[in-house]
Amino acid sequence: MAETVGFIGLGIMGQGMARNLLQAGFDVTVWNRTAAKMEPLVADGAKAAESPADVAARSDIIITCVSDTPDVEEVILGEDGVIYGAREGSLVVDMSTISPQATRDIAAQLAEKGLHMLDAPISGGSEGAANGTLSIMVGGDAAQVQRAMPVFEAMGKTITHVGPVGAGQTVKLVNQILVVINMLGVSEALLFAQAGGLDMRTTLDAVTQGAAGSWMLSNRGPQVAQRDWRPGFTIDLQQKDLRLVLEAADQMGIPALGTATVFNLYRTLQSQGLGEEGNHALVKALENLAGLKIGEVPGT
Ligand code: NAP
């Protein structure tokens, strides 16, 4: 018989993920701090729990997808947390993006109670969560990864076991370094194109398929050219992930020059109240430095 699944954290990502578990036929119990967000899922067949501990008491596999490291600690280890309701042998799967070191610490505390843990952060945005096409980067014991695979397959398309507990979060941060430094390159290049009097669309057409091509250039380059700042991923969430990169780099004793630069550039945009714009609005920080705007006709 399929294992029962608990889901804690019905935000932008959790809503779609929990719905896909229901649609795949799992028996799902949900909990969200703001209770109203449970209603649409209950209408679709989920059971509502009273607390994270209550979710854990009713589930074999307990998924968390909340905001940041202290939030995961709260729902798993805090008062009425998962650890106080879970049965021995249950599996906790954290799909939030949080600190790799905190993940290892949480897993160690769960292990003392005979509970298993995987870290399984996601990428693919709200569309990926809604459509069940997330990329899932999983850290933990191979047998538990195997156990969770039917659950992962209901929510994601590319599921990669990347190493022991904490490795999933570390790979997610690798992804974030690549995304933002790529975006810094796109921003600097497009500002340079603007200063050089080039037509933005023609320039993008000329370089997008060549050696400099990237997902960020193909997808966010045209948005920058049109000054369309609607978020696929907000500056505020991006900034949280860069803080996690910088903390982890500090713990490992390695430099992260590019990430630190982008972190500080995003900080200037947050202080201007732009934290809810898309992460490609990074270009605005360079525009502020240059006194030049993409899309402005030279000489006007
Ligand atoms: P979100 O829409 O802001 O939702 C956050 C969820 O966490 C809400 O259900 C919130 O409850 C809950 N929460 C936060 N702090 C809590 C606490 N202390 N105790 C209990 N519940 C708490 O965020 P999201 O976009 O779904 O993101 C969730 C995670 O996925 C984050 O780690 C994010 O970095 C990661 N992620 C997001 C995306 C994306 O495109 N959005 C992509 C990849 C990864 P309330 O409803 O009560 O506020």
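This is a predicted model: local features need pLDDT of at least 70, side-chain atom pairs count only at pLDDT 80 or more; totals for chains, interfaces and linings use all residues.
Asn 182 belongs to helix H8, which runs over residues 167-195. If residues up to four places away in sequence are not counted, Asn 182 touches Ser 214 and Met 216. Between Asn 182 and Glu 112 there are 70 residues of separation in sequence, and their C-alpha atoms are 41 Å apart in space.

Asn 288 is found in helix H13, which spans residues 282-290, and with a relative accessibility of 47% Asn 288 likewise counts as partly exposed. The C-alpha atoms of Asn 288 and Thr 268 are 9.6 Å apart, while the two residues are 20 apart in sequence. When residues up to four places away in sequence are set aside, Asn 288 touches Leu 269 and Gln 272.

## The ligand and its shell

The shell around the ligand holds 24 residues, of which Ile 12, Asn 32, Thr 34, Lys 37 and Ser 67 come nearest. By residue class, this shell divides into 10 nonpolar, 8 polar and 6 charged members. Helices H1, H4 (69-77) and H11 (235-252) each supply at least two residues of the shell, and the largest share, 3 residues, comes from H4.

## Nonpolar cores

The largest nonpolar core comprises 34 residues, and the members that touch the most others are Phe 7, Met 17, Leu 21, Ile 63, Met 95 and Phe 152. At least two residues of this core come from each of strand E1 (5-8), helix H1 (12-23), strands E2 (28-31), E4 (61-64), E5 (91-94) and E8 (134-139), and helix H7. The greatest contribution is that of H7, with 7 residues. Apart from this core lies another one of 28 residues, among them Leu 184, Met 200, Tyr 266 and Leu 269.

Once neighbours within four places in sequence are left aside, the contacts of Met 95 include Met 17, Ile 63, Phe 152 and Met 155, together with Ala 120, Pro 121 and Ile 122. Thr 64, Cys 65 and Ile 136 are also in contact with Met 95.

Gln 144 lies in helix H7, which covers residues 142-155, and counts as buried because its relative accessibility of 10% is under the 20% limit. Leaving out residues up to four places away in sequence, Gln 144 touches Leu 91, His 116 and Leu 118.

Thr 29 lies in strand E2 and also counts as buried, with a relative accessibility of 3%. Neighbours within four places in sequence aside, Thr 29 is in contact with Val 5, Gly 6 and Phe 7, as well as with Lys 47, Ala 49, Val 55, Arg 58 and Ser 59.

Conventions. Residues are numbered from 1 along each chain as its sequence is written. Side-chain values use heavy atoms; hydrogens and water are left out. Helices (H or I, at least four residues) and strands (E, at least two) are DSSP runs, numbered from the N terminus. Buried means under 20% relative accessible area, exposed over 50%, partly exposed in between (1.4 Å probe, protein chains only). Contact means heavy atoms within 4.5 Å. A nonpolar core is a set of buried Ala, Val, Leu, Ile, Met, Phe, Trp, Tyr and Cys residues joined through side-chain atoms within 4.5 Å. A residue is near a molecule or strand if one of its heavy atoms lies within 4 Å of it. Ala, Val, Leu, Ile, Met, Phe, Trp, Tyr, Cys and Pro count as nonpolar, Asp, Glu, Lys and Arg as charged, and the others, Gly among them, as polar.
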